[in-house]
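Hi everyone, thanks for coming. Let me put today's structure up on the screen.

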Protein chains: 2
Amino acid sequence: MLLLRLRLIVLYLCFSIVNSHAEDGRKLWLRYIKVSDQQALNRTIKTTSNHPVAQQAKQELDNYWKSTNLQLTINRKATNLKDGFRIQQNKNGLELIAQHAVGLLYGAYHLLNEQELGRDFSSYQIEEIPSFDIRILNHWDNLDRTVERGYAGYSLWKWEELPIQISPRYEEYARANASIGINATVLNNVNASPQILSSEYLNKVKVLADIFRKYGIKVYLSVNFSSPKVIGGLKDSDPLNKDVQHWWKHKIKEVYQLIPDFGGFLVKANSEGQPGPQDYGRTHADGANMLADEMKPYGGMIMWRAFVYNPTKEDRAKQAYQEFVPLDNQFRDNVIVQIKNGPVDFQPREPFTSLFGAMKNTAQMIEFQITQEYLGFSNHLVYLAPLFKETLDSDTYADGVGSTVAKITDGTLRKVQKSAIAGVANIGEDRNWTGHHFGQANWYAFGRLAWNHQLSSEEIADEWLRLTFSKEKEFVHTMSKLMIDSRETVVNYMMPMGLHHIFAFDHHYGPEPWGDRPSGRADWMPWYYHNANVNGIGFNRTISGSNAVGQYNEPLRTIYNNIDSCPENLLLWFHHVSWNHKMKSQRTLWDELCFYYDQGVQEVREFQRTWDQMEKYVDAERFNAVQSKLKIQSKDAVWWKDACLLYFQTFSRQPIPYSIERPIHELEEMKKIKLPLKHHN
Amino acid sequence: MLLLRLRLIVLYLCFSIVNSHAEDGRKLWLRYIKVSDQQALNRTIKTTSNHPVAQQAKQELDNYWKSTNLQLTINRKATNLKDGFRIQQNKNGLELIAQHAVGLLYGAYHLLNEQELGRDFSSYQIEEIPSFDIRILNHWDNLDRTVERGYAGYSLWKWEELPIQISPRYEEYARANASIGINATVLNNVNASPQILSSEYLNKVKVLADIFRKYGIKVYLSVNFSSPKVIGGLKDSDPLNKDVQHWWKHKIKEVYQLIPDFGGFLVKANSEGQPGPQDYGRTHADGANMLADEMKPYGGMIMWRAFVYNPTKEDRAKQAYQEFVPLDNQFRDNVIVQIKNGPVDFQPREPFTSLFGAMKNTAQMIEFQITQEYLGFSNHLVYLAPLFKETLDSDTYADGVGSTVAKITDGTLRKVQKSAIAGVANIGEDRNWTGHHFGQANWYAFGRLAWNHQLSSEEIADEWLRLTFSKEKEFVHTMSKLMIDSRETVVNYMMPMGLHHIFAFDHHYGPEPWGDRPSGRADWMPWYYHNANVNGIGFNRTISGSNAVGQYNEPLRTIYNNIDSCPENLLLWFHHVSWNHKMKSQRTLWDELCFYYDQGVQEVREFQRTWDQMEKYVDAERFNAVQSKLKIQSKDAVWWKDACLLYFQTFSRQPIPYSIERPIHELEEMKKIKLPLKHHN
């Protein structure tokens, strides 16, 4: 009996050890190792601040800091630091100085990451000041816990359990965000349920805000413009209706009583069927300003989305500009217009939205999509930093040469009350947070670029890989290159050369260039975007076409308008191009299209080969998970290639160049594929 | 109105033209163009024979022969010609001489083919004598019109319409066979229904025999050994039971009264559950001889299959030899033992069956499978002439060096009453006869090799391509090479290096190396054949294993027994080999296995590329059909590769070499695939 019991204990211990080593990705990039008692004795960590956020900073350092003595100092005069920090040598070791307690927290994570990355602190000094004031995630989470365009399981927010039961993941979430400088979050979908403003839900929100506060994170909510009517019982939600204004005033007061540091509202109005001020003949400015006025006493912000378009004859890509530019100068200074990076919708590649910089006296912020709605969901390995950087670094020429989207939005060129940058989160209940382990890199990259948009994609990949997977040079070097390449690869196998929005209807997973719905809106149909016919392919947005080029400042207008100067990676965005058009490669357009699709396929296969060779550097669980995802990506790439080439071939009427791997799918069979996917999880 | 009618007429004419050009493959390799009236006047075709077969020969020539004058002569003394013919110049033009009328028919098709192939007849002369006396197709067609292992639709034989209604395809079938020298056919499945011998069915069979007779084709039937009991109402079917013998005597008499030139019976007895003489403690010889004795007065043959094996501990590959060799010298001279080319079952590659030549005083014939039970059904392009040739040319050393399977069976080395060769037909109701257009080539190749086993695979492919598709040099040259390569390609992606029978259970379409059925026979399970474990893979048939090598004559016994001399393409057939065994390539066995599977995949992709480049030479209908089949083959090749490599990797525990394209399937997902296929159509 004793022997049996002993055996069971041994078995149990073995299992526990195996289990504690199970690597499901939950730790993200936060893999600090606890200090030993001896290490703790070898250094002191001191702070004079009792601020809970400063105490949180100290706690992290107490737990994990193994190097020299540390002094954490708040210096209210160091206003230039904003939310940032300075690290310098003092006589006892290092001093971490910040204007605000949150700066100490960011400094603490910075130091811990630097320690992880093996930095030498003997003459260490650095100053870090965030690029944007508000670095915010947009969760498209519904109150029923589905997540619109979410591919990592249900929502983290267990509304049905709140405010009583508290998932430990709320704090884990806040800590992960704080560690990369994210300081704000919109908890709910921009297609907002009015219920979020009910007292019942606000009391749930308060619990999350209380948890997040310790990590310097402010809570925002998406609001439904019809809330006064729907949950307030008013006869309408007209922003010029006094009753409506009154309702909002009281509601906002209620919010601030519960959450004194509440961030503000995000509003999707008069867009894709959402209610808005135009329902009452009012403008976006009327709507935004009404809310901003009620919010102003509390210091709250209104983020008003510019993602508006209607099924008119006007090019969808032009409509945000057309609707918002006339409203310039009309918005309150606590309103900020939130503009998607591209003029259509988070495509694998778009030019920057022409609206950036076009409103001279209106604060603007950019909205990126971290979740991969149009990039293979959480099945495809696509590192988004190069995509984010491509837009941020785009020169709008709005205020002369060098007016990049980054500088237009970060306050450098135009003073704003608060600058901001938003990313639509890719986070869900999945134990690894993002579905694909490499999806974590996109959350990380968004945070890092929001903190410092001058970082290169390579630097961020390098940091993330080393913190998340392995510090082995061979691994980091190889995988960093793969990550960098991955964005162009997805462009190649999905929609190269400026093609866009030829996705399967509604769910946007696979290819459907032939897509058509008799009752559907034209601007939701692939043919609206690719315009393929026997003569050629592409959307003519030149002055002879929709003249979307006219919305860009010179020299871009001329560059984009001219087929010879238009960048080839945006060619079919701006031009309808003959199949036999000679590309710079000397290939015809048709051959080049085939070439890119095939290149995408070959590149994904190369990713598979590369990853397989990394097996020795990666734990089995994450290795296998990523290997499986790459298999899906590899199959999907072939599907994309075959679907697009076989479909477009019905117009080009030319053979796929024989140097290229042949299709394995039948066009007619692919047309029958209807995936049982919804646009939420 | 008139204009409208005119338009309709024009439309109708256009449609008719298009329709008459529709190319569904029904014409096979018989695409002679009718002579014009003028061409007919320019030559005479004469014969002195009124034999219906001679008249048929003359009719074909009247219809299509455009060259010089022709004299068709029967010379009974030209016995050396057997069923063949001689063509020589005479003063008026050409003379076609044969011993029998059927020789004139073969000569007629020969001349028409030569005309098609553009031969010059000015000094033409040739003598053609068939290699085998009986050149027979085995149809595995059931009376309900399903076809066991049939992949070209239902059976050609519309039993429910016979004997009243006559499909025109019966004659088309006979003509096609005659054109390549096939002179016999077994109408029904070797797993035979006793009903085929009922008077009702014999009257249907008679109709087919009457049609085939004009083309020199004799009808045979598969019979169920239990027929006396099942349809005769006897108490048993014991071959030594006088009542049983009496029943057969009367039944055979009935057959010959209906069909005076009836060919004989094919019998599958005591094999895979079929009844046989062993059910009564009698031997195969007892059973075969009883039938042979009753058949003898009419000149009929008994073809007795040697495909017998039981789920004992003995290696399945050895059992036919063990069971039949002791019976040598016991069979009547109108019995011929029909032996499958390989010792297991029509695998992509097998050594020849050791039984060939091992019975010194028993007539033996070979059975090939034209239908692609183990070669991708009618989805994969696999040209079988190289497989047929490989066995026919194998030296058994039974009567010294040069005792090839061909010479052992064709009467060269051992005199037999009648030599024979059988092929399991791949023919069905599909409009192109064989499902895959290139399946026609295997029917053609079987016929041509039965006529002359010295022909090379290349010669046959060349002829077939030119007669069937196009005479363009580029096309013929390219596609002939592809066809020749295709057999090794299927070996590469299915089971290279001597692997065998790792097919999905029952239907044998895809891979299932992991296959296991708790209630199933071991010798139907893939593990029985591959024996993969952590040490290695393969079936040890050396003297330290099952000693199947002991059934081969020297020097083969020694060559096969020694791992260093065993041909590498049969290595895992004869040896259980360590994963790290060094191959001649200097790769390890595991790496080499990976290499072959990948090579198979790459080769099929190359076939696709090649075929696509042939588009200009081929009609659209057949081009598209073959293109689609190649897509399936390409996907299946990847499936095979992934399934086998990922499964065997669980034993080899080594990475797939990184130079090789990575798997896109998950092993566990592939294990779940259960195709809704039966073992008949």
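First, the ground rules. This is a predicted model, where local features need pLDDT of at least 70 and side-chain atom pairs count only at pLDDT 80 or more, while totals for chains, interfaces and linings use all residues. Residues are numbered from 1 along each chain as its sequence is written, chains are lettered from A and ligands numbered from 1 in the order written, and side-chain values use heavy atoms, leaving out hydrogens and water.

So, what does the secondary structure of chain A come to? We have 21 helices and 15 strands, taken as DSSP runs numbered from the N terminus: H or I of at least four residues for helices, E of at least two for strands. The radius of gyration of chain A is 26 Å, close to the 26 Å from the globule rule for 681 residues, so the chain is as compact as a globular protein of that length. For reference, that radius is taken over C-alpha atoms, and the rule is 2.2 Å times the number of residues to the power 0.38. Along its principal axes, the C-alpha trace spans about 75 × 70 × 55 Å.

How much of chain A is buried? Buried residues make up 63% of the 681, with buried meaning under 20% relative accessible area (1.4 Å probe, protein chains only).

Now the domains, whose bounds come from an automatic or database assignment: domain 1 is 25–128, domain 2 is 134–455, and domain 3 is 491–539 + 576–671. The centres of domains 1 and 2 of chain A, over C-alpha atoms, are 31 Å apart. Across that pair, 20 residues of domain 1 are in contact with 21 of domain 2, contact being heavy atoms within 4.5 Å.

Technical notes. Buried means under 20% relative accessible area, exposed over 50%, partly exposed in between (1.4 Å probe, protein chains only).
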